[in-house]
Amino acid sequence: MLVQFYNVSKIYPNDLKALDDVSLKIDRGEFLFLMGASGAGKSTLIKMLIKEEKPTRGQIFIASRSIVRMKRSEIPGLRRSMGVVFQDFKLLENKTVSENIAFAMVVVGANSREIKTRVPEVIKMVGLKGKEKSLPGELSGGEQQRVGIARAIVNQPLLLIADEPTGNLDIDTSNEIMELLYNINRKGTTVIMATHARELVKTANKRIIMLEKGRIIADDSTGELIL
Amino acid sequence: MIMRNIIHFFREAFSSLRRNKLLTLATITTVSICIMILGAAVLITMNASQFMDKLESDVEIVAYIDKTVTGSEIADIKEEIQKIDGVRDIKFVSCEAALKDLQKGLGKDKYNLEETLEKNPLPDSYQVSTTNPHDVPDIAVKVEEIKGISKVNYGQGFVERLFEVTKWVRIASIIIIALLSFGAIFLIATTIRLAIFARRKEIYLMKLIGATDWFVRWPFFIEGVILGSIGSLIAIAFIAGGYQSLINNISSLFFLPLVTGQEALLPIYITLLVVGAVLGVLGTLISLNRFLDV
C-alpha cells in the first residue's frame, strides 16, 4: 500500500469544508483519476499528499509513514519520493528545457555525472529530443507540459501527482500527454491525476475516485459505474 | 556533494544578481544610504565620547594639607593616599608652586601677589588622579578622612552633574545607533523582499521538488552578503573621504578635538563593512522565511 487516507478532513478558517471524512487506499503501481467539479476537493487532496497543507483531522500514510506528524526537516525527503505536474506547467522561463529538468536533480543534490546521463534519457522518453536548448517560451503548450512531466519523473519518484495536467491543452495534445503518463505508469510509477475531463477518463479503463463537496461519492476500480 | 553545492549556490547568486539588475541596484543603494547614516552617527558618537572622556579625565582631587603638618608627615600622607583603591597618580604641589600658578593665572602685570600678600597664605597640596573618574567623589571622602588633610576639593556638585550629562549622552548615542540599525534592517529587508517576490515561483518549485530550507537559502544568503558588502563599501568610501576632508580643513571643531588616528578610524570602517554584510544577510533571511513556508 503506497497511500492511505484515514478519515481526513480539511476545514479552512472561513469554515469551508474542503475535504470531509475522506478515506482511501492506493496501491503501488496504480493509475488513479481524481474527478470532480472545481471546488470538489481535488486540489486540497493533492495538497495533503505533498504536505503543502495539513489536514484538520485524520491520518495520512505514504509508504507506511504518517505524514501528518512529520517534522519540517523530514518534508524534503517525502517530496523527493514524489513528482508533481501542474496545470500551468510552472517552468522556469529563463532556463532551457535541459536546465529546467536538471534543476530538479540539482535541488536534491545529484552530481553532475548523474545529471548528464539522466537528463537526456528523460528528454528522449518524453519525446523532446532536439528541443534541449529551447526556452519554455519557444515551446507549444504540449511541449511545455512534457518538460513539466520530465522534471517530475527525472528523480524516479514512487508517486507521480498530476494536477489537471491537460487543463490548458487541446484534446489531441491531451491524448498525447495521457499516453505519456500511461507509459510512465507501465514502468511502475504510481500515478494520481486530478482532472475534470471526462472524455480522457472514459476510455482509460482506470480507477476513478469521484469527489463532491469534499466527500468521496464513488470509487470504482474500472470507472465503468461512473461514466 | 558539498563542494558541488557551493559552486551551485555561488552560480545561482551571481546569475540572480545579473538577472535582477534594477533590484540589485536598489538594494545596494539602500544599504549604502543606511550605512552612511549609521557611519555618520558612529563618528559623531565617537567624537562626542572622546570629548566626554576628556572632560571626565580632567576631574581630579586636590587635597590641601594642614599648615601645621611638617615634612616627614607630608610623606606619610602620600603613603596613606596611595593605599586607597583606585588612586592612579599623586602629585605634590608645594605652597610656593601653588602661588606661582595663581600668579600665572592672574597675569604678572596687574598684581604682584608676593608683594601684596608678603606671607604665602596657600597650603601645600596633593593632586590626586584616579583610574576611573567616576570614583572621584568616593575617593575624595576617604582622602579627607586622612589625618593632616584640612580640606578636599574636586569640584563638588559640578562633577556629579557632569557625570550625569555624560551618562545620558552615552545612553542616547547607543539608542540612536540601535534605532538606526533597526531602521536599516527593515529598509533593506523590504527591498530584498521585492527581489525574492520576483522569484517566489522558483522557491515554491524548489520546495516541492524536495529542496531543504537551507538549500533554498544559501544563494540568497550569498546575495545578501554581496549586496550588503558592496553597499557598505560605497558608503565607507563616502564617509572616509568626507571625514578626511573635515579633518584636513579643521583639526578641531570649535573646542572639540576630532578623532583622527587611523588606528581609531580603521576599526570603525571595518565594523561598518561587517555591519553592512550582516544587514544584507539579516534582511534576506527575514524576507525569505515567509516564502519558505511551503
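A residue counts as buried if 20 or more other C-beta atoms lie within 10 Å of its own. The model shown in these views is predicted.

**View 1. Both faces of strand β8(A) are covered.** On one side sit A:T190, A:I192 and A:A194. On the other sit A:V191, A:M193 and A:T195. Each of these residues is buried. The strand spans residues 190-195 of chain A, and six of its six residues are buried.

**View 2. Strand β3 of chain A pairs with β8(A).** β3 covers residues 31-35. The two strands run in the parallel sense, over five bridges. A:F31 has A:V191 of β8(A) as its bridge partner. A:V191 is also among the buried residues of β8(A).

**View 3. Strand β7 of chain A is joined to β8(A).** β7 covers residues 159-163. Five bridges link these parallel strands. A:D163 stands opposite A:A194 in β8(A). The chain passes from β7(A) to β8(A) by way of helix α6, residues 171-186 of chain A. This β-α-β crossover is right-handed.

**View 4. B:C34 lies in helix α2 of chain B.** The helix runs over residues 21-57. B:C34 is buried because 26 other C-beta atoms lie within 10 Å, against a cut-off of 20 or more. Leaving aside residues up to four places away in sequence, B:C34 touches B:A184, B:L187, B:I188 and B:L279.

**View 5. B:C34 and B:F238 are shown with their C-alpha atoms.** The two residues are 204 residues apart along the chain. Their C-alpha atoms are separated by 12 Å.

Note on methods: Residues numbered from 1 in each chain as written. Chains lettered and ligands numbered in written order. Predicted model: local features only at pLDDT ≥ 70, side-chain atom pairs only at ≥ 80, totals over all residues. Buried ≥ 20, exposed ≤ 12 C-beta atoms within 10 Å, placed from the backbone. Helix = DSSP H or I, 4+ residues; strand = E, 2+ residues; numbered from the N terminus. Pairing = 2+ DSSP bridges. Right-handed = clockwise from strand over helix to strand, strands pointing away. Contact = placed C-beta atoms within 7 Å.
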